[in-house]
Amino acid sequence: MATLETARMVEGLREQTAGFARAAAGGDPEAMVPTCPDWPLRTLVGHIGQAHRWAAEMLRKGEPLAVPDPGQAGAGAPDGWERWLRDGAEKLIDAIAQVGADTEVWTFLGPRPAAFWLRRMLCDTAVHHYDAAATTGAAFEIADDLAADVITESLEMLASPGSESLKPSLVELRGRGERLGVRPDTGDGWVIVRSPEGLWWEHGPVKADAVVSGAVANLMLVCSRRLPLDDARVAVSGDRTLLEHWLAHMAF
């Protein structure tokens with residue numbers, strides 16, 4: 001279930017796409033992305049613009065489509081990246097409006113409201129916005145509500161029925177009731193429980209065997225494996241090895 005209203009997700013997609021475009025602007029297309037080490041910047045740009053268009057086409061056709069190759073995205077010359085990226089985001093926003101945010105559609109986790117793809121692309125764009133900024137040295141900014149929803153969405157996908165069939169290595173996240181906490185500087189956080197049956201989580205006061213705490217934007221980067229646990233912007237308490245194991249196996 002999305003925790004943001006559709007209008008806010010639309011606004012957020014525009015914010016993060018624009019931020020991504022600014023971060024990539026002026027960068028060397030062949031510069032390797034440190035947080036996506038197999039990709040040069042041009043492929044990262046291609047992935048975002050292509051993914052938005054892929055999701056839009058899938059919604060309009062009402063059927064799954066083959067995942068495209070970001071290396072073949074056709075983003076064009078860097079001086080056209082900003083317009084191309086913005087156009088891709090608008091295609092997705094238009095498709096959501098045409099189909100209806102609540103209309104049930106195909107997703108890799110089973111039938112979901114069409115807003116699933118708006119949220120998925122927003123979260124993907126937010127994380128890759130940071131990747132672009134890390135490549136070019138640009139500033140990275142994200143609103144707290146968007147950063148919090150990136151964390152929530154990742155936990156929802158990890159705990160979804162059928163997630164282990166899509167990525168069998170997620171079985172490694174099962175445990176014996178160990179509790180991991182993600183605690184923002186303000187408000188409640190997230191508690192992840194590793195049960196024998198699988199992963200589940202809840203939002204509320206954080207009481208756990210291991211806790212990572214900090215500003216919500218930095219916690220988003222930890223949970224997306226962009227910041228290491230020893231980064232000065234976050235703090236770890238309790239059994240650090242639990243957090244290390246979770247981060248090592250939670251990529252979806």
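This is a predicted model: local features need pLDDT of at least 70, side-chain atom pairs count only at pLDDT 80 or more; totals for chains, interfaces and linings use all residues.

**Helices, sheet and single residues**

Me: How many nonpolar residues does the contact of α1 with α3 have?
Reply: Ala, Val, Leu, Ile, Met, Phe, Trp, Tyr, Cys and Pro count as nonpolar, Asp, Glu, Lys and Arg as charged, and the others, Gly among them, as polar. By these classes, the contact of α1 with α3 has one polar and four charged residues, and its nonpolar residues number eleven.

Me: Are α1 and α3 roughly parallel or roughly antiparallel?
Reply: The axes, lines fitted to C-alpha atoms over the stretch in contact, lie 9 Å apart at about 165°, on a scale from 0 to 180 degrees between N-to-C directions. Angles under 35 degrees count as roughly parallel, over 145 as roughly antiparallel, 65 to 115 as roughly perpendicular and the rest as oblique. The two helices, α1 and α3, are therefore roughly antiparallel.

Me: How far apart are the axes of α5 and α7?
Reply: Asp144, Ala147, Ala148, Val150 and Ile151 in α5 meet Val216, Ala217, Leu219, Met220 and Cys223 in α7, a contact with nine nonpolar, no polar and one charged residues. Helix α5 (residues 144–159) packs on helix α7 (residues 216–223) at about 25°, which makes α5 roughly parallel to α7. The distance between their axes is 8 Å.

Me: Which strands stand at the edges of the open sheet?
Reply: The sheet has five strands in the order β7-β6-β5-β8-β9, with mixed pairing, where two strands pair if DSSP finds at least two bridges between them. Each edge strand has a single partner, so one side of each is left without a neighbour in the sheet; these are β7 (198–204) and β9 (234–238).

Me: What is the bridge partner of Pro184 in β8?
Reply: Strand β5 (residues 178–184) and strand β8 (residues 210–214) pair in the parallel sense over five bridges. Within β8, the bridge partner of Pro184 is Gly214.

Me: At about what angle to β5 does helix α8 run?
Reply: Helix α8 (residues 240–249) lies across β5, β6 (189–195), β8 and β9. Its direction relative to β5 is about 85°.

Me: Is Asp131 buried or exposed?
Reply: Asp131 belongs to helix α4 (residues 115–136) and touches Val33, Thr35, Cys36, Leu44 and Arg226, not counting residues up to four places away in sequence. Buried means under 20% relative accessible area, exposed over 50%, and partly exposed in between (1.4 Å probe, protein chains only). With a relative accessibility of 0%, Asp131 counts as buried.

Me: What distance separates the C-alpha atoms of Val67 and Leu180?
Reply: Val67 lies in the loop between α2 (41–61) and α3 (81–99), and at 68% relative accessibility Val67 counts as exposed. Val67 and Leu180 are 113 residues apart along the chain, and their C-alpha atoms are separated by 33 Å.

Terms used. Residues are numbered from 1 along each chain as its sequence is written. Side-chain values use heavy atoms; hydrogens and water are left out. Helices (H or I, at least four residues) and strands (E, at least two) are DSSP runs, numbered from the N terminus. Contact means heavy atoms within 4.5 Å.
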